[in-house]
Amino acid sequence: MSSVTYGRGGLPSKGAACYLKYGMTTSSVSRRSVLLSSAAAAATAAQTTAPVRVAFVGTGHRTWAHIPVVKRIPGFQIVALADPTPDFRDKAATLVGSQPALYSDYRKMLAERKDIDAVVVVTPDSLHAEVVVAALGLGLHVLCEKPMATSIEDANRMIAAQKKAGKILQIGHQLRFRGVTSKMAELVRGGQIGEVKFVTAYLHRGDWNPASWKAPDPKTGAPTVWRFLRQYMGTSLLEDGVHQLDILQWVIHSPIKRVSAVGGNAVFKNRETIDHAAVTVEYASGTLLHFGFCLLAGGVRKEETLIGGTAGHLSTENGKITLRNHATGKTQTFDTSVRAAAPTGAVNPAAVTEIGAEEAQFHAFLNSVRTGAPPLVDAEAGKDAILIPIMAQKSIDERRPVLRSEFPA
Ligand SMILES: NC(=O)c1ccc[n+]([C@@H]2O[C@H](COP(=O)([O-])OP(=O)(O)OC[C@H]3O[C@@H](n4cnc5c(N)ncnc54)[C@H](O)[C@@H]3O)[C@@H](O)[C@H]2O)c1
């Protein structure tokens with residue numbers, strides 16, 4: 001039997017072109033790829049027959065979207081759900097349909113159930129770390145929703161737990177699996193615009209879902225949408241915008257030096273978390289990033305990224321990429337779509353012909369669990385993505401630029 005090469009993201013490939021599809025350079029591929037021996041590949045093939053048994057911790061709106069996706073993938077079986085809110089948990093149980101075990105406390109579930117292979121963590125943001133560390137400590141694989149954590153200290157604890165356990169920890173930045181993202185990363189990291197010098201990106205969207213889980217306000221005790229409370233969400237920039245910032249950290253690929261931000265509550269004043277921000281980031285490479293964020297575009301979600309380099313300029317808007325070369329003046333457009341992101345080498349190609357980014361992320365997780373291939377969005381990438389939001393919120397709070405060196409490594 002011939003050996004099989006797996007890339008970051010757990011996507012088997014026939015060659016470097018496949019990796020580039022997922023935005024990796026060939027050198028990073030050779031660094032991070034895992035060459036399975038014939039014996040290991042045979043063992044992997046044998047494992048593919050047994051479903052990976054999954055438990056969800058946190059069964060609110062996001063889990064209601066995850067469940068139908070996970071059910072469509074034959075390699076998964078949902079065996080248990082843990083959530084303290086009965087109606088949210090019951091709705092998830094109905095969506096699963098096959099009578100999963102139900103728990104109000106995830107710790108009891110993890111202690112009692114011996115039939116769980118992997119945990120999907122979908123709690124409010126600041127609770128991710130404790131669940132992830134507990135699950136990894138029991139030798140379980142984890143897919144943790146974005147943002148990975150609300151503090152760098154928590155992210156570091158999660159990274160340490162992953163290293164100790166040697167299990168998969170994938171972070172739920174599913175937009176990395178979109179066609180537009182992988183094409184943009186391929187073009188930028190492949191040198192098509194030369195060195196990246198100046199990036200402008202923005203996200204305009206509406207307010208947070210008012211039907212989100214209500215947590216007790218620490219000051220008044222009143223049940224409050226958790227996304228209005230800094231104790232649970234840290235900052236609005238962590239809850240959204242973090243998708244784009246994750247992708248930009250991936251393509252800019254340089255350490256952050258300094259962040260300056262202004263922002264606050266222009267419209268939604270009666271809450272702790274901000275409704276707009278203007279953020280400037282200076283990278284060690286000299287690259288500058290300007291990121292604009294607001295919650296004031298009710299009913300709309302509009303995001304755009306423009307990247308200026310020494311050799312050209314690239315912009316993305318609604319799945320369309322435009323690339324212009326400075327010297328030749330030649331302009332190319334790439335019309336990507338979610339379907340273009342289908343990982344054709346995934347475990348069950350037949351099941352993913354009509355794939356979305358969400359489904360691609362679960363296929364990649366399944367393949368990582370089965371083969372040990374490092375995830376495309378691993379714990380280090382999850383940590384990179386939260387740095388700008390955390391630094392920007394401190395800059396807003398203290399009305400001054402903040403240096404990366406002021407924060408834990
Ligand atoms: N990747 C994406 O595009 C995306 C989209 C939406 C949400 N999310 C993420 O998903 C997570 C959940 O968001 P949501 O929209 O489902 O929120 P939600 O308010 O709808 O649900 C949160 C759930 O967490 C439960 N919960 C609270 N404390 C818990 C605990 N100690 N143990 C277990 N469960 C607990 C609540 O009871 C509730 O059911 C967040 O981290 C959010 O950032 C990601």
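P147 is found in the loop that runs between strand β7 (141–145) and helix α8 (152–165), where helices (H or I, at least four residues) and strands (E, at least two) are DSSP runs numbered from the N terminus. The peptide bond that joins K146 and P147 is cis, with omega at about -15 degrees. The structure is a predicted model, in which local features need pLDDT of at least 70 and side-chain atom pairs count only at pLDDT 80 or more, while totals for chains, interfaces and linings use all residues. Residues are numbered from 1 along each chain as its sequence is written.

The secondary structure of the protein chain comes to 14 helices and 19 strands. Of the 409 residues in the chain, 48% are buried; a residue is buried if 20 or more other C-beta atoms lie within 10 Å of its own, exposed if 12 or fewer, and partly exposed in between, with C-beta atoms placed from the backbone. Among contacts between residues at least 6 apart in sequence, 69% join residues at least 24 apart, a contact being a pair of residues whose C-beta atoms, placed from the backbone, lie within 7 Å.

The largest nonpolar core has 106 residues, of which A55, V119, V132 and V142 touch the most other members; such a core is a set of buried Ala, Val, Leu, Ile, Met, Phe, Trp, Tyr and Cys residues joined through C-beta atoms within 7 Å. Helix α14 (residues 379–398) gives the most to this core, with eight residues. Because domain 1 (4–176 + 358–378) and domain 2 (178–348 + 384–406) both give residues to this core, it lies between them; the domain bounds come from an automatic or database domain assignment. When residues up to four places away in sequence are not counted, V132 touches V121, V142, C144, M158, A161 and L169.

The shell around the ligand has 26 residues, of which G60, R62, T85, F88 and W213 come nearest; a residue is near a molecule if its C-beta atom, placed from the backbone, lies within 6 Å of it. Both domain 1 and domain 2 supply at least three residues to this shell. The shell divides into ten nonpolar, ten polar and six charged residues, where Ala, Val, Leu, Ile, Met, Phe, Trp, Tyr, Cys and Pro count as nonpolar, Asp, Glu, Lys and Arg as charged, and the others, Gly among them, as polar.

The largest share of the shell, three residues, comes from helix α4 (residues 61–72). Within α4, the buried residues are T63, H66, I67 and V70. Seen down the axis of α4, these residues fall within an arc of 115 degrees, so they line one face of the helix, the arc being that of the directions from the helix axis to the C-beta atoms. They pack against β3 (52–57), β4 (76–82), α5 (86–96), β6 (118–121) and α13 (357–371), whereas the face turned away from the buried side carries the exposed residues A65 and P68.

Helix α12 (residues 242–252) is largely enclosed by the rest of the structure, because ten of its eleven residues are buried. Just after α12, H253 takes a positive phi of about 60 degrees. Q99, in the loop between α5 and β5 (101–103), has a positive phi of about 50 degrees although it is not a glycine, and counts as exposed with 8 C-beta neighbours inside 10 Å.

Definitions and conventions. Contact = placed C-beta atoms within 7 Å.
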